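Here are my notes, as promised. Have the model open while you go through them.

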Amino acid sequence: MLSCLLEETLRRLYPPTCVLCGASGCGGLDLCAGCLADLPTDSRSCSRCALPLPAEGSPAALCGACQRRPPPFAVCHAAFRYEDPLPALVGGAKFRARLNLLRLLGQCSAITLRERNAQIPELLLPVPLHRSRLRERGYNQAQEVARILGRAFAIPVDARSCVRIRATVPQTGLEQKERRRNLRGAFRVLNPLDGVHVAIVDDVVTTGSTVSELARVLLKSGAGRVDVWAVARTP
Ligand SMILES: [Zn+2]
Ligand SMILES: [Zn+2]
């Protein structure tokens with residue numbers, strides 16, 4: 001109640017303003033209607049891993065990789081393509097401690113997930129950061145996005161049951177095989193997930209190796225189904 005009142009007062013004092021062009025925000029978002037509509041989305045993507053597919057063809061198609069070797073997660077929903085202005089929005093959030101940008105990205109992702117009628121999981125699990133990274137950065141960006149999504153869909157967020165026990169080297173520049181090796185044994189689940197439908201939350205899914213490894217670990221720990229909810233997916 002108090003926090004609602006506080007939010008309302010803040011909204012009046014600082015009306016939503018588009019972070020990209022400075023115009024008035026729409027629907028309580030710090031984005032105007034035009035900039036929101038211009039954010040890059042995929043007209044057609046793999047129904048399993050969200051990789052963009054050529055514009056023509058059946059809407060429920062699978063990409064070649066998922067046909068050859070389906071990923072451990074049931075479905076990946078990525079709200080946006082990781083193209084301009086997403087790197088600036090996510091990058092700003094990552095490196096300049098701009099938590100308001102993460103909140104905005106979470107709100108936009110909730111809108112997209114609703115539009116796509118995404119199946120609602122029972123639990124949101126943000127991709128954990130190793131504690132040394134968490135200390136260095138001060139917060140986990142996936143957890144911030146999960147918090148917004150959890151509130152939007154009234155789903156609990158569990159940021160404690162799964163930990164990153166190995167500080168992995170950054171995945172950028174690694175081959176797919178090296179990425180998998182780099183991640184092996186990186187996560188540990190502390191509580192059993194008896195049949196629970198979980199959605200892993202991440203900011204950007206690049207090759208999918210991190211969320212795949214985490215999905216494998218969660219399924220091994222008893223999760224009934226694992227989905228992935230990401231803000232953006234690299235094409
Ligand atoms: Zn704008
Ligand atoms: Zn795919």
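What is the geometry of the site of the zinc ion (ligand 1), given its 4 donor atoms?

1. It is tetrahedral, with angles of 102 to 118 degrees among the 4 donor atoms; that label requires four donors with all angles between 85 and 135 degrees. For reference, the ideal angle for four tetrahedral donors is 109.5 degrees.

2. Before going on: this is a predicted model, where local features need pLDDT of at least 70, side-chain atom pairs count only at pLDDT 80 or more, and totals for chains, interfaces and linings use all residues. Residues are numbered from 1 along each chain as its sequence is written, chains are lettered from A and ligands numbered from 1 in the order written, and side-chain values use heavy atoms, leaving out hydrogens and water.

3. The zinc ion (ligand 1) is held by the SG atoms of Cys-18, Cys-21, Cys-32 and Cys-35, at 2.3 to 2.4 Å (donors are N, O and S atoms within 2.8 Å of the metal, or 3.2 Å for Na, K and Ca). Along the chain, the donors are spaced C-x2-C-x10-C-x2-C. Cys-21 and Cys-32 both lie in the loop between α1 (2-13) and α2 (33-38), so the pair ties together parts that are 11 residues apart in sequence (helices are DSSP runs of H or I, at least four residues; strands are runs of E, at least two).

4. Cys-21 is partly exposed at 46% relative accessibility, while Cys-32 is buried at 10% (buried is under 20%, exposed over 50%, partly exposed in between, with a 1.4 Å probe and protein chains only).

5. Pro-85 sits in the loop between β1 (76-81) and α4 (86-95). Neighbours within four places in sequence aside, Pro-85 contacts Leu-20, Leu-39 and Pro-40 (heavy atoms within 4.5 Å).

Terms used: Tetrahedral: all angles 85-135°; square planar, octahedral: opposite > 155°, others 65-115°.
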